[in-house]
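Colleague: Could you walk me through this one feature by feature? I'd like to learn how to read each of them.

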Amino acid sequence: VQLQASGGGFVQPGGSLRLSCAASGSGFSIVRMGWYRQAPGEQRELVAIITSGGNTNNANSVKGRFTISRDNAKNTVYLQMNSLKPEDTAVYYCNLDGITVSNGSNFKHWGQGTLVTVSS
């Protein structure tokens, strides 16, 4: 399994960014994909997740501002981030929860982080 994340960058408060994460590989099925973030000196926290069926769950801190979506045909998940605040500054990590087809085992896989900086 490989996860390729992109879309981070620098933005002023109130601005928008869109993160993308594409999953590749074979021999597994995707249960859910999502985004976590980790600010300096803080623990990694959930931002938003989406299941294969399209059910979503967002952290309270981003509700109404961030939207997670996915393209099942492309095995890609997106995070549209609007009304960004300085406290959204963090390294954002893509995550995949899947099942190995050969033995039915569950696994969790992390992509490389992408830095989002919100500052004036």
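Modeller: Start with the bridges: β9 (90–100) and β11 run antiparallel and are joined by three of them. Strands here are DSSP runs of E, at least two residues long, numbered from the N terminus, while helices are runs of H or I of at least four. Two strands count as paired if DSSP finds at least two bridges between them. Bear in mind that this is a predicted model, where local features need pLDDT of at least 70 and side-chain atom pairs count only at pLDDT 80 or more, though totals for chains, interfaces and linings use all residues. Residues are numbered from 1 along each chain as its sequence is written, and side-chain values use heavy atoms, with hydrogens and water left out.

Colleague: Which residue in β11 is the bridge partner of Ala90?

Modeller: That's Val116. Val116 also stands opposite Gly9, which belongs to β2 (residues 9–11). Strands β2 and β11 run parallel, again with three bridges.

Colleague: Next, the disulfide. Which cysteines form it?

Modeller: A disulfide is called when two cysteine sulfur atoms lie within 2.5 Å. There is one in this structure: Cys21 and Cys94, with sulfurs 2.0 Å apart. The pair links distant parts of the chain, since Cys21 sits in β3 (residues 17–24) and Cys94 in β9, 73 residues apart. Cys21 is buried because its relative accessibility is 0%, and Cys94 is buried at 0% too.

Colleague: Is that disulfide left-handed or right-handed?

Modeller: Look at the torsion about the S-S bond. For Cys21 and Cys94 it is about -85°, so the disulfide is left-handed.

Colleague: Now Arg37. Is it buried or exposed?

Modeller: Arg37, in strand β4 (residues 28–38), counts as buried because its relative accessibility is 6%. Then look for polar contacts, meaning an N or O pair within 3.5 Å; within protein, one atom must be able to donate a hydrogen and the other to accept it, and sequence-adjacent residues count only if both atoms are side-chain atoms.

Colleague: Which other residues is Arg37 in contact with?

Modeller: Contact here means heavy atoms within 4.5 Å. Leaving aside neighbours within four places in sequence, the contacts of Arg37 include Gln43, Glu45, Phe66 and Ala90.

Colleague: Where is Gln112 found?

Modeller: In the loop between β10 (106–110) and β11. Gln112 is partly exposed because its relative accessible area is 35%. Gln112 and Ala5 are 107 residues apart in sequence, yet their C-alpha atoms are 6.7 Å apart. A polar atom of the Gln112 side chain lies 3.1 Å from the backbone oxygen of Ala5. Beyond four places in sequence, the contacts of Gln112 are with Leu3, Gln4, Ala5, Tyr92 and Tyr93.

Colleague: What is the phi of Asn75 near?

Modeller: Near 50°, and the thing to spot is a positive phi in a residue other than glycine. Asn75 lies in the loop between β7 (66–71) and β8 (76–81), and is partly exposed at 28% relative accessible area. Ser83 also has phi near 50°, in the loop between β8 and β9, and is partly exposed at 41%.

Colleague: Stepping back, how many helices and strands are there?

Modeller: Zero helices and eleven strands. The radius of gyration is 14 Å, close to the 14 Å the globule rule gives for 120 residues, so the protein is as compact as a globular protein of that length. That radius is taken over C-alpha atoms, and the rule is 2.2 Å times the number of residues to the power 0.38. Of the 120 residues, 38% count as buried. Among contacts between residues at least 6 apart in sequence, 55% join residues at least 24 apart.

Definitions and conventions
Buried < 20%, exposed > 50% of the residue type's maximum accessible area, 1.4 Å probe, protein only.
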